[in-house]
Amino acid sequence: MVGSNFLPSRAMALDRLAEFVPAAGLLYEAGRNTDAGPDGRGAVSRLSPYLRHRLITEHEVVTHVLASHDLDAAGKFIQEVLWRTYWKGWLEMRPSVWRRFVEERGRQRDDFRDDRAIAQAENGQTGIEGFDDWARELVATGYLHNHARMWLASIWIFTLRLPWTLGADFFLRHLLDADAASNTLSWRWVAGLQTVGKTYLATSDNIARYTNGRFAPKGLAREAIALSEAPIEPARDLAAPPQRDLAQPSVLLVTTEDLHPESVFEGASGIVSVLTASDADLLWGDGARGFAGAAAAETAARAAAHYDRPASLIERLDAEALIAAARAAGVQRIVTPYAPVGEVADRLARLAPALAREGVTLAQVRREWDSAFWPHAKKGFFAFKERIPALLRQKSLA
Ligand SMILES: Cc1cc2nc3c(=O)[nH]c(=O)nc-3n(C[C@H](O)[C@H](O)[C@H](O)COP(=O)(O)OP(=O)(O)OC[C@H]3O[C@@H](n4cnc5c(N)ncnc54)[C@H](O)[C@@H]3O)c2cc1C
């Protein structure tokens, strides 16, 4: 199956990007909505597990694409790449939306009584053509085309009338690219919570058209009435990025949120050792654990060679391991690429006081890409999108 072909290495990500670049212009724009199925080639890049864990970065992808196409021709693809950046920035300024999802999912796990309906949906046994195939494809491959994600989520919420948080949880447990921002906010968008009142309704005609006639399900909901919720907190300002003092002796901590530390801490003379966490207890499913765990091991070796420093790998991100690494290196500072809102950020926030008690500081360094784009994610994507060309020009990319 094409979808299961995600080898967890940076070389694979770079090969996939190189192979995709010639098609990143109008071919992508014309074909991106069609889901050719798990065995079809399709027009999309299938870069998401690599981008999600930053084994390859948005900056690199956009740079390579703009070396072969101008911004007009590749505009649609670049816009899609920037959806990820946008969702991360949006959630960063509203962390309570992530907390609300986690709480609501916990409540639904306890309270939702129809376990059979959830099991049927997750096992692809609802009898709904397409939906059952995508549910099985997700479990088998760890990947779904964007349109299939939208159809599945819409049918889950509006036809099967199942709680959206349990659907989002099903995705998190199986996607190789499972991501706090893109997943939570996309499910909220389908449900009519993200753009208040605007829902996404999956229709049989649209599914038939964009699956090349593979599926034309019957009995889908005919309307999608937006879910509602208590108002969310207003956007907070982004914290100022910490001092980029990279000469001070430090342990470099690498997590599965960002597996390309070389482009955050280029030539950092202060790095004395590298500690990589494979985050086995923080990722949601076996697929993502396998993918990101292997990619983290590869990154540990790559970073050790890049900085010419000793490197070690831990499975679990905890205070004891970090304090031990700082002591072994004889330093009181740990630097790490910034962890956006999600499980890793929550864990780092929880363990920071224990580090502080031992006199160890933890500095999270945000990428320039994120610092350039995130502040513009305060409102909807349309306003953000308008800024893309100017922001790319500022970065000398367009
Ligand atoms: C209900 C739902 C849940 C989703 N959950 C996740 C998730 O957990 N993790 C995740 O990475 N993506 C998620 N997405 C977004 C999107 O479906 C995937 O990123 C995309 O399908 C990845 O395939 P690709 O790399 O072939 O995409 P391409 O079309 O080739 O796009 C290139 C890159 O742009 C970014 N991108 C494209 N579309 C989106 C989008 N709609 N939102 C955010 N970034 C995008 C991705 O980084 C992608 O790799 C979700 C979408 C929906 C509708």
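User: What makes up the accessible surface of the protein?

Analyst: In this predicted model, the accessible surface comes to about 17,000 Å². Carbon and sulfur atoms hold 51% of that area.

User: How many of the residues count as buried, and what does buried mean here?

Analyst: A residue is called buried if its relative accessible area is under 20%. By that cut-off, 55% of the 398 residues of the protein count as buried.

User: Which secondary structure elements does the protein have, and why is it called as compact as a globular protein of that length?

Analyst: There are 17 helices and five strands. Along the principal axes, its C-alpha trace spans about 65 × 50 × 40 Å.

User: Which domains does the assignment give, and what is said about domain 2 and domain 3?

Analyst: The assignment gives domain 1 as 2–92 + 373–394, domain 2 as 104–210 and domain 3 as 250–365. The C-alpha centres of domain 2 and domain 3 lie 32 Å apart. Contact means heavy atoms within 4.5 Å, and the contact here takes eight residues from domain 2 and nine residues from domain 3.

User: Where do the positive and negative charges lie on average?

Analyst: The mean positions of the 47 positive and 49 negative charges are 3 Å apart.

Methods. Residues numbered from 1 in each chain as written. Predicted model: local features only at pLDDT ≥ 70, side-chain atom pairs only at ≥ 80, totals over all residues. Heavy atoms only, no water. Helix = DSSP H or I, 4+ residues; strand = E, 2+ residues; numbered from the N terminus. Buried < 20%, exposed > 50% of the residue type's maximum accessible area, 1.4 Å probe, protein only. Areas by Shrake-Rupley, 256 points an atom, 1.4 Å probe, with all protein chains shown as cover. Lys, Arg positive; Asp, Glu negative; His and termini not counted. Charge placed at Lys NZ, Arg CZ, Asp CG, Glu CD. Domains from an automatic or database assignment.
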